[in-house]
Amino acid sequence: MIWVLLFLLGIDVGSNQAIMSGLHTIGLEALVITVGAVLGSVVGARLLWKWINKDLKEEARQ
Amino acid sequence: MKGSLVIVSFFILGALAGLFNLIPCDFTHGRWSYYALAALMFFVGFSIGNDSKTLKNFRSLNPRIVLLPLVTVLGTLAGSALVSLLLSHRTLTDCLAVGSGFGYYSLSSIFITEYKGAELGTIALLSNIAREIITLLFAPLLVKYFGRLAPISAGGATTMDTTLPIIARFSGQNFVIVSIFHGFVVDLSVPFLVVLFCSI
């Protein structure tokens, strides 16, 4: 099912002149958004990880 | 990984077919992609409802770690919002919609194409494929600098299938259940968040 959908999106993209001629800028934008999204989420993960570990250490001390 | 390659090659095949006009143009203006999307949503719901093991497993989790999907969602949205400041010709909601694919590129790119057009849909596809690839490639580095939960957050919606083996290896086997639970919750949030950011 997903194959069909992605094939349809591919047809849309391939027949769209504006997208095909700007493919490298689109790729770059995509990458920039990804890097931002991943960095945001791992910073959050780090904060949560520290919070959980702090709790574990305190439990160990008691 | 092999599954992703198959899916991506279908996209490339479609792109080539469109580029060389192999398929009559009015085909793409029909309602085909809408019906296919509705069917896809049915299968997504079905596979989640059908998997009783994930539902059972999350009762055994450390209460704090249950917050991880929320942290992933908030962190991703914050990061995407910051990036929208750099990309002057993209609106805040465009970037948030792309970001809230969380690596679930098939679903998010199709939704975004439906609501915002093929250009942003393609950005969503590339961006979310990149998220999966980044997670697969950089999992060890993420563990080193951001802790053991980082590859799970980075993997977003993919942590219950494609990136699970790499997470098991670099975060540890103990994190497999967390990873599946995380993937399950983030997966669920994708259609809601993407549609939300596409419609505001």
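Which residues touch the most other members of the largest nonpolar core? Of the 64 residues in that core, they are Ala45(A) and Val98(B); a nonpolar core is a set of buried Ala, Val, Leu, Ile, Met, Phe, Trp, Tyr and Cys residues joined through C-beta atoms within 7 Å. This is a predicted model, in which local features need pLDDT of at least 70, side-chain atom pairs count only at pLDDT 80 or more, and totals for chains, interfaces and linings use all residues. Residues are numbered from 1 along each chain as its sequence is written, while chains are lettered from A and ligands numbered from 1 in the order in which they are written.

**Confidence**
- The predictor assigns the complex an ipTM of 0.76 and a pTM of 0.77.
- Chain B has an average pLDDT (the predictor's confidence in each residue, from 0 to 100) of 83, and 80% of the residues score at least 70.

**Chain A**
- Chain A contains three helices and zero strands, where helices (H or I, at least four residues) and strands (E, at least two) are DSSP runs numbered from the N terminus.
- Of the 62 residues of chain A, 47% are buried; a residue is buried if 20 or more other C-beta atoms lie within 10 Å of its own, exposed if 12 or fewer, and partly exposed in between, with C-beta atoms placed from the backbone.

**Interface between the chains**
- In chain B, 66 residues are in contact with 43 residues of chain A, contact being C-beta atoms, placed from the backbone, within 7 Å.
- Helix α7(B) supplies the largest share of the side of chain B that touches chain A, 13 residues.
- That side of chain B comprises 42 nonpolar, 19 polar and five charged residues; Ala, Val, Leu, Ile, Met, Phe, Trp, Tyr, Cys and Pro count as nonpolar, Asp, Glu, Lys and Arg as charged, and the others, Gly among them, as polar.

- Six of the eight residues of helix α5 (residues 92–99) of chain B are buried, including Asp94(B) and Val98(B).
- Beyond residues up to four places away in sequence, Val98(B) touches Ile33(A), Ser80(B), Ile112(B), Leu120(B), Ile123(B), Ala124(B) and Ser127(B).

**Lys116(B)**
- Lys116(B) lies in helix α6 of chain B and counts as buried because it has 21 C-beta neighbours inside 10 Å.
- Not counting residues up to four places away in sequence, Lys116(B) touches Asp94(B), Gly121(B) and Cys198(B).
- Lys116(B) and Cys198(B) are 82 residues apart along the chain, yet their C-alpha atoms are separated by 6.9 Å.

Terms used. Contact = placed C-beta atoms within 7 Å.
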